[in-house]
Amino acid sequence: MLLFGVPRRRRDGVDAVLPPGRATELAALLALRADWFVRDELVAHLWPDADVKRGRHNLSQLLYAARRSAWGDDLEAEPTRVRWTVATDVAAFRQAAAEGDWRHASELYAGDLLEGTAATGADGFDAWLQGEREDLRETWHEALRRHATDLADAGQSAESARLLRRLLASDDLLEDAVQALMRLEARAGRRDAALQVYEAFRARLATELGLEPLDATAQLAAAVRRGDLAANLAEPTGPHADDPPAPATAGDVDATRSSERDVRPGPVRGLAADATAFVGRALELTELHARLAEPGRRLATVLGPGGTGKSRVARQLARERAGHFEEGAAWVPLGTAGSEAEAVAAIAGALGIRVEPSASALAALLGDQELLLVLDQVEHLGDGPDLVATLLDACPRLCLVATSRHALDLPGEAVVPLAGLSVPPRDDAPDAEAYDAVGLLLRAAHRVRPDFHPQGPERTAAVALTRLLAGSPLAIELAAGWLRVLEPSELLREVARDLDVLRAADGDGGGPHASLRAAFESSWTLLGDGEREGLRRLAVFHGGCTRETARAVADVPLRVLLALTNRSLLYRDGTRFAAHPVVQRYAQDKLEALPDLAADLGRRHLAFFLALAEDADRRLDTPEQREALALLTAEAANLARALERAITAGDADPAYALTAALGRFWRWRGHLTDGLAWSERVRALPLPAPTAASVRAMLGEGLLFDKQGRYARADAAFERAEADAAALGDPGLATAARCDRAIVAWRRGDLATARTLLEDVCASYRALGREVPLAGSLGNLGNVMRDSGDLEGAQALFDETLALAERVGHVWEMANVRNNKAIALAYAGDLEAARGEFERALELQRSIDNRPGISMSLTNLGNVHLDTGAPERAEALYREALALCEELGDRDGLAHLHVNLGILAQRRGAYDEAHERYGQSLRLRRAAGARALATQSISCFLDLAVARGAHERALVLAGAVRSMASAIGAPLTGPQQLTYDDALAAARAAVPDERAAELERRGEALGAREAVAFALAERAVA
């Protein structure tokens, strides 16, 4: 859906233009939300003055027409809500801007949102559209500025100038763009062109606003006229060029160092996209980049009081610098960590690893990884400097960035203080809008009051407000929310009065921290009783809430949510409402002041999210799988809070039930380490006797161990679950545990044990009349027989399974058994028949939208095309599956697909690409703790080494694979073993026997971590 410019729907390269009027408004509202929209909320946007009955009738008629149009046939409509999950250029634009991909963002913007759409009289929609347009236009301006700067730094002056001219064509009063374009033209020797830019700007400024350019711009023009480029053009020329440098921020950095800002975006684990584009703070970011680029510099601390935006700057730095590091970057919030153990757990959680809760254990695990670790709010951790020192001493390629209210005082630490945003020197400064603090106030105010353009005394009051708040970003955001109902002069008087009182009460004497607390308390006093109560109650949530959960858990109605959003005490992200972390903390204080209310809301929160998790887990087996996964992802923080609440209270029953309900989500999303950590904590709770929930939780724990390749632990968990189920007298659960034990035996290569167990499982399910699990168990028994070489017996079992699955109408099992039949056919060499079965399996998976199953079928179908000489078709299927796994967050699937794409690259001789693909797979598996799969990834490097002629390296890898597989008790699969044997034979044939044996012994002696490091490296021998 293309919403920039004239709105249109593009399908197969053909555009369907949306008609003007309500249809376009409806399409824009639904497409930009990309989630359920309550019908009454749509009515309020489109027909705010109509009575409820008439508005609902109008909406029904509009939806009827839209769903029969050339553009809206895939709208989803339910009795109370509507959704349109269509990809949009606006969503892609915002994502690109959030990730700092300024080139892509600037290219995506093709005109104003819904260009040509005139006001229709729907006040709610018109205000929304105006605010969205301004916000998107400002973000686009920022993207053009940033992209132009990147191009100029890269020496592409002509392209940079083209972008700046495009920016000025959109808004010819952007003075920083004027300055940048003048510089580019002058440096290219086009002094006349530079001066023409200046004169055109000066004339326009005088005509429209009766103003003169800033002194810095006039001085730049004078320097151009003199030809004095070297002496003047390197000086700062932004709107604050004449200001004295802020202590410890601008003092050591000038504009010439901008070329040292080597921006290389990369993955940042633990960091979601920001809701708005990052603006300002260019000087501080340049300083941080420059400091971290200094030889030997591995620690930088962003220093400042609360509310100055330390975290936002650090997040942007992480995004811009992650590409410098082999392992990317990780974002670790430490706001709730009160001890070293909790901090280590937070770091491990962000990295997706499991580690003992000590700094030394974490350091040993990180070892020689090249990684950027960003620790946010280190001041909350009393022994933070000791933790940082331990990590830096033990991990030579680790780089650390911390945000803190005080320096860590460690050797080699680069401290970059962060004050508030820049503020004008006077309340009546003529160029006040050019300062970051005022710009932020105006931008934030426009979101709640699109017509906010203060003039005269009110403009002076708005500027005074930013100065009073010392440029504190959070305080300014809060203040902007109040501008919906107060004029700047009224707000200034109110905040000034409370500010003085709270500074005196805190004994702080001033500063941004006092201003921040004053801003919050002032907002609290301005709230009505219902709004105060609502904000207090919403503190029970973590990670925000929807309007439905706010009502169900905390009895907070939509009108209160909207009122708090309008005051910027909440922000809205799609259908969710959330508070800034600092606001959340203060609201939590208000809630804890009423312990009875806090306890009651805590119980309700736990009960609600337990029910939500159980319902979502059930829906994972239905066509509602996509929605269920999205819901669990969106509510991850609340689910974790509910589980923490149950554990802290020692409430074992809901803790076990919630752990059981989340097991599949943890496995599918690759949160194996997190899931096991939760399981261990829950298992420590006292439980008088086993329950069905505790058995299911134990089964889930075993499956997490199985996914990691820790088969002994998995088998032990399944044995305990079977014993507990027997004690309960629940034969169904006991049989499920035996079935899981059989799967572990199969993975370990113990096919005889697996067959015995599965035959017993099938008999038990027949006796119980449980046809669906019986079908699955028969299919698993067929897999064991297939791997035992009995292909005829396996196909007979698969046929029996298929007939049973078809009779009970279990589509998932029908697809699964066709997949297994296809694998057996491929083993027998009948690839054409295998392709047909895989295609039928894929069709069935698509019919129920089982996305993990779709990904698996696409991958297997790609394998057949690869083996039948159609690599292009194989690659297309792999990439489709890869995109699906990325959407799902399926790390296991991603790892498999990187191997397959690596094999493709290796076969066409693209060895470097193959090495990178195998490396990505190995890193994913290692991060998840999947040891058996990591061993399989290392075997890929063995085959690649032989292809490259690096036979000595191959022999070391062969020894490492053999040793690791033996230690773990997990053999390679049949096809993998054949590839291993062929590669080993080729390597041995190329190296003298004595030398070959020595190299293999060297590989066998490598530990797991050393083997991984060796595989990822390019060295020929260990």
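**Sheets and a helix pair**

Analyst: Contacts (heavy atoms within 4.5 Å) between residues 24 or more positions apart account for 68% of those in the protein chain with a separation of 6 or more. This is a predicted model, where local features need pLDDT of at least 70, side-chain atom pairs count only at pLDDT 80 or more, and totals for chains, interfaces and linings use all residues. Residues are numbered from 1 along each chain as its sequence is written, and side-chain values use heavy atoms, with hydrogens and water left out.

User: How many helices and strands does the protein chain have?

Analyst: Both are DSSP runs numbered from the N terminus: helices are H or I with at least four residues, strands are E with at least two. The count for the protein chain is 47 helices and 14 strands.

User: Which strands are at the edges of the open sheet of six strands?

Analyst: Two strands pair if DSSP finds at least two bridges between them. The pairing here is parallel, in the order 6-8-9-10-7-11. Each edge strand pairs on one side only: these are strand 6 (268-269) and strand 11 (413-417).

User: Which residue in strand 11 is the bridge partner of Leu303?

Analyst: Strand 7 (residues 299-303) pairs with strand 11 in the parallel sense, over five bridges. Leu303 has as its partner Pro417.

User: What angle does helix 14 make with strand 8?

Analyst: Helix 14 (residues 340-351) packs on the sheet and touches strand 6, strand 8 (329-333) and strand 9 (371-376). Axes are lines fitted to C-alpha atoms, for helices over the stretch in contact, and angles run from 0 to 180 degrees between N-to-C directions. Against strand 8, the angle is about 140°.

User: Which residue in strand 5 stands opposite Glu76?

Analyst: Strand 4 and strand 5 (residues 81-83) run antiparallel, joined by two bridges. Opposite Glu76 stands Arg83.

User: How are helix 44 and helix 45 oriented to each other?

Analyst: Helix 44 (residues 951-968) and helix 45 (residues 974-990) pack at about 135°, with axes 9 Å apart. Angles under 35 degrees count as roughly parallel, over 145 as roughly antiparallel, 65 to 115 as roughly perpendicular and the rest as oblique. The two helices are therefore oblique.
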